[in-house]
Amino acid sequence: MVEVTVTPQSSLADRPVEMRVRGLSPSQLVTLRASLTDEQGECFQARAFFRADGAGEVDPGCHAALGGSYAGVWPMGLFWFLQPDTLFRRLVKRDVAGSPFLVRLEVFDGLCLVTGPQDQPLASCVAERWYVCPGMQRVPIREGRVRGALFLPP
């Protein structure tokens with residue numbers, strides 16, 4: 001049975017995570033896809049193609065992506081290379097304290113350049129990417145023409 005995991009499952013957005021795919025056939029060609037929907041409903045995606053090792057595993061931190069949104073060994077490549085489905089959109093988090101970005105990680109058999117609703121992943125999981133730690137206090141700043149926010153740790 002194929003399994004994709006991200007460790008830790010919930011983390012701050014600037015912290016690295018480890019992704020692993022297990023249960024593949026040795027040398028199986030797969031597509032790893034990361035996707036998220038921002039607060040405006042815009043979808044962002046990144047994908048990379050990998051060949052499983054002799055144990056049937058893929059680790060983007062050790063194995064080189066063969067192509068897709070990037071090539072080579074990039075442990076966080078699926079997060080760093082997220083691109084909007086609509087041109088000229090930017091990934092911006094407005095509600096930094098209220099909710100995380102939910103990044104869905106999926107693994108597909110073979111090379112999948114485009115995936116439709118009929119394409120079922122072999123496995124999937126969700127990673128939470130928070131922008132503030134629990135207990136962080138946000139204090140709005142308005143002084144003259146200066147606008148901003150002060151974030152105070154617990």
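**View 1. Arg-22, a partly exposed partner in a salt bridge.** Arg-22 has a relative accessibility of 31%, so it counts as partly exposed. This is a predicted model, and here Arg-22 pairs up with Glu-57 in a salt bridge, with the closest N and O atoms 3.8 Å apart. Arg-22 sits in strand S3 (residues 18-22), while Glu-57 is in the loop between strand S5 (43-51) and strand S6 (67-68), so the pair ties together parts that are 35 residues apart in sequence. Glu-57 is partly exposed too, with a relative accessible area of 26%.

**View 2. Glu-106 meets Arg-33 in a salt bridge.** Look for the two side chains coming together at 2.4 Å, N to O. Glu-106 belongs to strand S8 (residues 101-109) and Arg-33 to strand S4 (residues 29-37), so this pair links distant parts of the chain, 73 residues apart. Glu-106 counts as buried at 5% relative accessibility, and Arg-33 is buried as well, at 12%.

**View 3. Arg-89 and Glu-42 join up between two loops.** Their salt bridge has its closest N and O atoms 3.7 Å apart. Arg-89 is in the loop between strand S7 (83-84) and S8, and Glu-42 is in the loop between S4 and S5, so parts 47 residues apart in sequence get tied together. Arg-89 is partly exposed, with 47% relative accessibility, whereas Glu-42 is buried at 12%.

**View 4. Glu-18, Arg-20 and Asp-59 form a network.** Here salt bridges link three residues: Glu-18, Arg-20 and Asp-59. Across the whole structure, a search turns up seven salt bridges.

Note on methods
Residues are numbered from 1 along each chain as its sequence is written. This is a predicted model: local features need pLDDT of at least 70, side-chain atom pairs count only at pLDDT 80 or more; totals for chains, interfaces and linings use all residues. Side-chain values use heavy atoms; hydrogens and water are left out. A salt bridge is a side-chain nitrogen of Lys or Arg within 4 Å of a carboxyl oxygen of Asp or Glu. Helices (H or I, at least four residues) and strands (E, at least two) are DSSP runs, numbered from the N terminus. Buried means under 20% relative accessible area, exposed over 50%, partly exposed in between (1.4 Å probe, protein chains only).
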